[in-house]
Amino acid sequence: KRRPEYQRLLSNIRLGIHDGVMTWRLDRLHRRLLELEEFLTLTEALGVRLGAVTGDVDIATSSGRAMARTMGTFGMLESEVKSERIRRKHQELAEKGKVSGGGTRPFGYTVDRRDVVEDEAAVIRELAERILAGDSLRSTCTNLNDRRVKTVTARAWTPTVLRNMLLSARISGQREHLGEIVGRAEWPAIISRRQTTRLRALLTDPDRRTNRTARRYLLAGLVRCASCD
């Protein structure tokens with residue numbers, strides 16, 4: 001991950017703006033040995049000192065640089081161990097069908113992701129049936145937007161958003177992890193598991209045409225349904 005402020009620090013050092021760098025701990029400044037070596041090469045060439053609040057390390061000396069490298073190694077180890085622990089936790093939650101993650105709520109479910117929003121669920125069922133019946137993603141999005149059905153972020157539907165939602169195993173009450181369905185979820189299903197299997201096969205088919213002429217409906221734009229408008 002790019003660190004803009006760290007890159008700005010290096011630029012300032014090269015420009016001679018800073019003659020020293022203070023950090024809380026050395027392993028807070030770098031978590032990758034590659035970054036550390038780049039930093040040591042730069043600061044050694046320009047005579048820049050490095051200090052740490054929790055213990056001063058003089059990188060002008062060979063022993064100080066060795067200590068910095070040692071601390072960098074342990075910092076990288078700590079980061080990797082933490083990442084492994086997080087991955088194992090996500091795997092465990094997935095296998096148990098538990099909710100995880102945050103961000104914007106998924107369409108069809110409440111904010112806690114455990115209960116169904118019935119009016120949105122009805123839209124999902126309709127969309128699944130339409131796509132499986134042969135409608136294109138684009139024509140379906142056009143229909144949704146014409147009816148002023150909004151996404152959870154109150155935006156217009158796009159083929160990508162619609163495709164991602166229909167590919168999700170969530171809407172059939174299944175737990176997905178790293179792109180694979182791993183079991184039943186703790187939240188209720190909106191569509192059947194069989195429908196999800198068919199949707200995933202259809203929407204991931206490399207031979208699927210995306211420029212098919214949209215289905216046309218008799219009296220579209222002239223007549224409205226008395227039940228759903």
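Predicted model: local features only at pLDDT ≥ 70, side-chain atom pairs only at ≥ 80, totals over all residues.
Local features are reported at pLDDT of at least 70 and side-chain atom pairs only at pLDDT 80 or more, whereas totals for chains, interfaces and linings use all residues. Residues are numbered from 1 along each chain as its sequence is written, and side-chain values use heavy atoms, with hydrogens and water left out.

Helices (H or I, at least four residues) and strands (E, at least two) are DSSP runs numbered from the N terminus. Within β2, A52 is the bridge partner of T23.

The table lists the relative accessible area of two residues, where buried means under 20%, exposed over 50% and partly exposed in between (1.4 Å probe, protein chains only).

| Residue | Relative accessible area | Class |
|---|---|---|
| K82 | 48% | partly exposed |
| H177 | 16% | buried |

K82 sits in helix α4, residues 62-95, and its C-alpha atom is separated by 26 Å from that of D112, 30 residues apart along the chain.

H177 belongs to strand β3, residues 174-177. Leaving aside residues up to four places away in sequence, H177 touches H90, Q91, A94 and V182, contact meaning heavy atoms within 4.5 Å. The side chains of H177 and Q91 are also joined by a polar contact of 3.1 Å, that is, a pair of N or O atoms within 3.5 Å, of which, within protein, one must be able to donate a hydrogen and the other to accept it, and residues adjacent in sequence count only if both atoms are side-chain atoms.

Technical notes: Pairing = 2+ DSSP bridges.
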